[in-house]
Amino acid sequence: MKQDIQRSVLSEALRRSRLTFGTVALFSCCLNLLVLAGPLYMLQVYDRVLSSGRVETLIMLTVMLTMALIAWASLDALRTAVTVRLGLWFNRVLGPYYISSGIRARLDGQNPGGQAFRDLNQVQSFVATNGMTAFFDMPWTPLFIAVIWLLHPWLGMFALAAALILLAVTALNAVSTRGPLRRGAESQLAATQLADTTIRNAEPVWAMGLGPALIDRWVRENDESEKDLLRASRRGSLASGSARFFRMFFQSAILGVGALLVIRGEATPGVMIAGSIMLGRALAPVDVAMSAWKSFATARHAYGRLRLQANAYPPQERRLSLPRPTGGISVSDLTIVVGDTPVLRRVSFDAAPGEAIAVIGPSTAGKSTLCRAIVGLVTPRAGTIRLGGADIRLWNQEELGAHLGYLPQEVGLFAATVRENIARMQECDDKDVLEAASLAHAHEMIAKMPNGYETRVGDGGAGLSGGQRQRIGLARAVFGGPSLIVLDEPNANLDQAGEAALAQSIAELKKCGSTLLIVGHRPSTLAQADKILLLREGVVQAFGPRNEVLEKMRQAAQEQTGDKKVVRAATAPDSANTVAARAEQPSPAPERLVRTLASEGAAEGQAVANLQRQKGGTPDAEIR
């Protein structure tokens with residue numbers, strides 16, 4: 001059953017287009033029958049009109065030929081229009097799915113980029129050209145050979161031999177170019193992806209001088225592609241040239257065979273001319289297919305990649321629409337494994353509506369993975385994440401996203417206006433955008449931009465500073481008043497004013513009833529937290545109200561510091577007076593405590609120290 005679902009994306013599109021393909025086949029049938037009008041006209045003119053001298057017969061035959069050719073031209077134009085529309089329809093219907101599956105593939109660690117759309121364009125180009133219609137015309141080649149056989153068996157046998165030779169050349173071309181075309185396409189794909197990655201990471205590439213090395217690597221990949229494509233092109237050109245030679249030779253040689261039959265009195269001149277024309281029409285689809293073989297092979301490989309992606313990422317099943325969550329989050333025994341390595345192990349915590357949880361811990365503790373799991377970007381191995389009492393896996397992703405706000409470390413703005421980015425690329429009222437910007441305390445910053453909310457942003461936020469990107473990203477995260485807001489290092493690029501604005505935003509969001517999960521260690525972040533979650537190596541070391549957790553961290557650090565003093569006193573060669581003097585010195589700064597408990601750097605330690613001093617009533621100026 002699952003395999004049927006996996007095949008449904010492309011197979012359903014093909015099923016829905018069966019009528020269109022049937023129309024193309026019907027048009028091809030009529031076109032090939034109407035093509036017989038030309039040879040029949042020649043046959044009648046040579047064998048009847050010239051012998052009888054009847055002008056009215058010639059006029060009637062000419063009128064009939066004209067009507068047949070008008071019908072042929074009209075059907076040919078209609079067939080071309082149908083195939084062009086069919087290609088566009090494939091692009092329009094399958095495009096949205098491949099955007100969605102590309103997102104899911106990227107979340108799984110793959111990098112498909114825009115390859116699916118390049119593949120769709122390849123298929124669309126093949127469908128819209130004569131390459132595909134040639135395959136609809138080829139089945140009619142036996143019809144023309146049969147008609148030629150009716151004219152005379154010798155002519156029929158000659159036409160059959162000619163068709164078999166051309167088919168053999170076509171098969172040889174397919175076998176000889178299959179491998180080089182496949183390898184060339186793979187190398188070309190790798191080179192294109194490398195170029196895309198290089199351009200997308202323009203800043204580090206330019207700043208650290210990585211351009212020459214990456215360009216050299218692209219040249220090597222491109223050279224491999226060129227070698228295979230040139231090899232396939234040489235073989236294809238040889239086969240195509242041979243096919244054209246045989247076609248022209250057979251089309252002319254059949255006149256010689258017909259002339260011999262006329263001399264022997266076994267055929268008429270009309271049969272000779274008609275046989276030559278029909279043989280040319282019978283071999284034409286083979287010739288066109290030979291010329292379009294490279295396009296066909298490229299489209300076939302592209303279709304294969306599209307099918308693989310469709311099989312790997314079947315459409316997600318539609319679930320019952322759930323009501324807007326009331327807020328609050330509950331995580332129970334959450335376990336996440338990447339590869340064979342557990343990143344989070346049995347993580348449990350909860351928060352009520354209007355509460356903020358600060359997630360702290362050393363690097364590689366699993367903080368960002370926890371954020372990504374909560375917003376549905378990572379599939380847990382075990383455990384549950386409940387939003388408003390409902391497991392997030394029970395939600396339709398597009399509906400759940402409206403109730404979530406997410407600010408990742410890399411903000412990821414789109415190439416659009418500031419307004420469109422804040423509005424999550426949706427159509428909405430201006431007041432909703434202004435409310436989000438005001439709630440994020442980014443309105444004044446945006447108003448100072450050259451075009452305000454209509455200022456265009458480059459891909460990824462190009463043209464903006466890191467702080468501007470984060471504040472616009474925060475406005476996007478709070479747009480629509482989501483029930484749960486996840487902020488991963490939201491103040492990493494903020495100055496003092498930006499941190500103050502962030503602290504005010506967090507306080508206002510709590511008043512609105514939103515639940516917040518914040519990764520960060522700065523005082524401006526921790527001061528707004530109601531609870532603290534301390535992670536280390538994917539395991540919860542401490543969780544609870546902020547002051548209780550900080551007090552436990554302080555006490556544990558003091559105990560650890562005392563043990564170290566005893567060790568130093570026992571091993572140092574100093575005098576007793578020196579040891580006593582050291583013992584009387586103040587305890588180390590709390591960043592030592594945090595390094596001991598969470599292996600964190602000075603930033604987290606200073607955050608805890610400032611919070612402890614703030615807890616004792618230290619003025620803000622002194623804290624800063």
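**A colleague's note on the predicted model**

1. Let's begin with helix H8 (residues 141-151), whose buried residues are Thr 141, Phe 144, Ile 145 and Ile 148. Seen down the axis of H8, these buried residues fall within an arc of 100 degrees, so they line one face of the helix. An α-helix has 3.6 residues a turn, so residues three or four places apart point the same way. Please keep in mind throughout that this is a predicted model.

2. What does the buried side of H8 pack against? Its buried residues pack against four helices, H3 (18-35), H7 (130-137), H9 (153-200) and H12 (269-291). On the other side of H8, Pro 142 and Leu 150 are exposed.

3. Next, a look at helix H20 (residues 496-511). At 1.5 Å a residue, its 16 residues should span 22 Å, and the end C-alpha atoms lie 23 Å apart, which agrees.

4. Just after H20, Gly 513 takes a positive phi of about 95 degrees. Cys 512 is exposed, with a relative accessible area of 58%.

5. On cysteines, the count of disulfides comes to 0. For Cys 29, the nearest cysteine sulfur is that of Cys 30, 5.2 Å away, so Cys 29 is in no disulfide, because the cut-off for such a pair is within 2.5 Å.

6. Finally, Asn 396 sits in the loop between strand E5 (390-391) and helix H15 (397-401). Asn 396 is buried, with a relative accessible area of 3%. Leaving aside neighbours within four places in sequence, Asn 396 is in contact with Glu 317, Arg 318, Arg 319, Leu 320 and Ser 321.

Terms used: Residues are numbered from 1 along each chain as its sequence is written. This is a predicted model: local features need pLDDT of at least 70, side-chain atom pairs count only at pLDDT 80 or more; totals for chains, interfaces and linings use all residues. Side-chain values use heavy atoms; hydrogens and water are left out. Helices (H or I, at least four residues) and strands (E, at least two) are DSSP runs, numbered from the N terminus. The expected span of a helix is 1.5 Å times one less than its number of residues. Buried means under 20% relative accessible area, exposed over 50%, partly exposed in between (1.4 Å probe, protein chains only). Contact means heavy atoms within 4.5 Å. The arc is that of the directions from the helix axis to the C-beta atoms.
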